[in-house]
Amino acid sequence: MSDAKNIQSVKGTRDFYPDDMRLRNWIADTWREVSLRNGFEEYDAPIFEYLDLFTIKSGDEIAAQLFSFTDRGGRSLAIRPEITPSLARMVNARINALPRPIKWFSVPRLCRAENPQRGRLREFFQWNVDVIGSDDVLADAECIYTAVDFLRQVGLTPDDVVVRIGSRPLVVHKLRQLGVAEAAMDQALVALDRRPKISAEAFAEQCAKAGLSDEQVGAICEFLDVPETDSLQQVAAVEGMDGDRNAILQLRTHLEAMGVWPYCRFDWHIVRGLAYYTGIVYEVFDAAGSLRAVAGGGRYDNLVEVLGGPKIGATGFGMGDVVLAILLKDKDKLPHTAGRLDYFVIDDRECPLSLVLQVVSEIRKRGGQADFSYKRQNTGKQLKEANRRGAAAAVIVRGAGKPIGIKNLANGNQTDQPLEDFLSLLDKTR
Ligand code: HAM
């Protein structure tokens, strides 16, 4: 009996075949392009860190989703479920050398031990855009602008996506007014964040766990459930939050000036699940609300300090590739990224293979993408292969000293010219 085993990929992970890889690269390249044009610089961090980095201030939800392990030296480590704590750690390590504001972006591969479902996997990519070292709401506005800049570039309109903007301090102030104790605050926020994602019974249970009375739950839900048109009146009605009220109003003014307010709206339900947020928070959803969040972020002014650094303002967001790809497919906005090749070099009957190899090498030397058939077969079959490979043109080699044919595979037009002329043209255009 054979001991061969058919080992499958792990649930919640993805294989990237060339077609998938092209899409993944297109998404990451577009994230990079948009980040750079908005003045952000790229960074990265290790794929695993000390476990404590992720448990200190991210909250129970993330902690429960960690892939953690002990190394041979007995150290507790974890694969990164997000990059924000690593970012704060890196900034702390060079806090005096880095000119502020620090505007950085990254496209890390992350792992979370979630229950895989539509839009949620156990391994994914996430675009991170953060500004550290500024308390100004302009930094929040710039991050939101950058997210919308990307959404707009890939063809999504305000009919397709919405940035729902909330304020943690607003909800905290309201909870305080309702008599909720400080010690219960984090858990109360977690319950409110989970509310749209869980059943009414499960929500009631979470609120009870946080120590909220039925009256408090009723009052905060009533406060959050007002129609959007009344949302700013809600802010005016909450006492003791002048700075936070101004931030909300200024954010809107900035986003209007930047021309992206049509993508945004206030929605006080948004409080975010991660424990480190302290100010404006937001999530990006498909307009129909049928998918999970495409992106989420906000201000986290204490994280750098909690990790041993100074108290400096920080704000940013993460956008995952999984829901984004589903949304783009639903909206028919995925690019048609076929495999690309500039030239497929084929030989005409009597031509020796060595000449084909020579021409292929000369094109490649000049930076052109060139390939050829491993099989010696007739011109028709080689042309078919050239088409199958998505080549823009076929280069037909006929023999030493003879002119070559360049066949445009899109329209079938063919021109003949000396090999030297073709190569010197390549020299000039590359
Ligand atoms: P997050 O809300 O946990 O925030 O994740 C942001 C986005 O990453 C989500 O909206 C979703 O698109 C994607 N995402 C999260 N988990 C998964 C998963 N299991 N599978 C697929 N996609 C997922 C953060 O991670 C914060 N650190 C973002 C941030 C940066 N805040 C400030 N700066």
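**Reading the pockets**

Tutor: This is a predicted model.

Student: Which element gives the most to the lining of the largest pocket?

Tutor: Strand 12 does, with 5 residues. Among the elements that each supply at least two residues are helix 3 (60-64), strand 7 (123-132) and helix 13 (321-330).

Student: How do the residues of this lining divide into nonpolar, polar and charged?

Tutor: The lining of the largest pocket has 20 nonpolar, 14 polar and 14 charged residues.

Student: Which residues lie nearest the centre of the second largest pocket?

Tutor: They are Arg 168, Pro 169, Tyr 277, Thr 278 and Gly 279, out of 25 lining residues. About 410 Å³ of space lies in this pocket. Helix 6 (168-177) provides the largest share of its lining, 5 residues. By class, the lining of the second largest pocket holds 10 nonpolar, 5 polar and 10 charged residues.

Student: Where is Ala 275 found, and which residues does it touch?

Tutor: Contacts are read together with position in the chain. Ala 275 belongs to the loop between strand 9 (264-266) and strand 10 (280-286). Leaving aside residues up to four places away in sequence, Ala 275 touches Lys 57, Ser 58, Gly 59 and Arg 168. Arg 168 is also among the residues nearest the centre of the second largest pocket.

Definitions and conventions: Residues are numbered from 1 along each chain as its sequence is written. This is a predicted model: local features need pLDDT of at least 70, side-chain atom pairs count only at pLDDT 80 or more; totals for chains, interfaces and linings use all residues. Side-chain values use heavy atoms; hydrogens and water are left out. Helices (H or I, at least four residues) and strands (E, at least two) are DSSP runs, numbered from the N terminus. Contact means heavy atoms within 4.5 Å. Ala, Val, Leu, Ile, Met, Phe, Trp, Tyr, Cys and Pro count as nonpolar, Asp, Glu, Lys and Arg as charged, and the others, Gly among them, as polar. On a 1 Å grid over the protein atoms alone, a cavity is a set of points where a 1.4 Å probe fits but cannot get out, and a pocket is an open set with protein on both sides within 12 Å along at least five of seven lines; lining residues have an atom within 4 Å of a point. Grid points are joined across faces, edges and corners, and a volume is the space filled by probe spheres set on the points.
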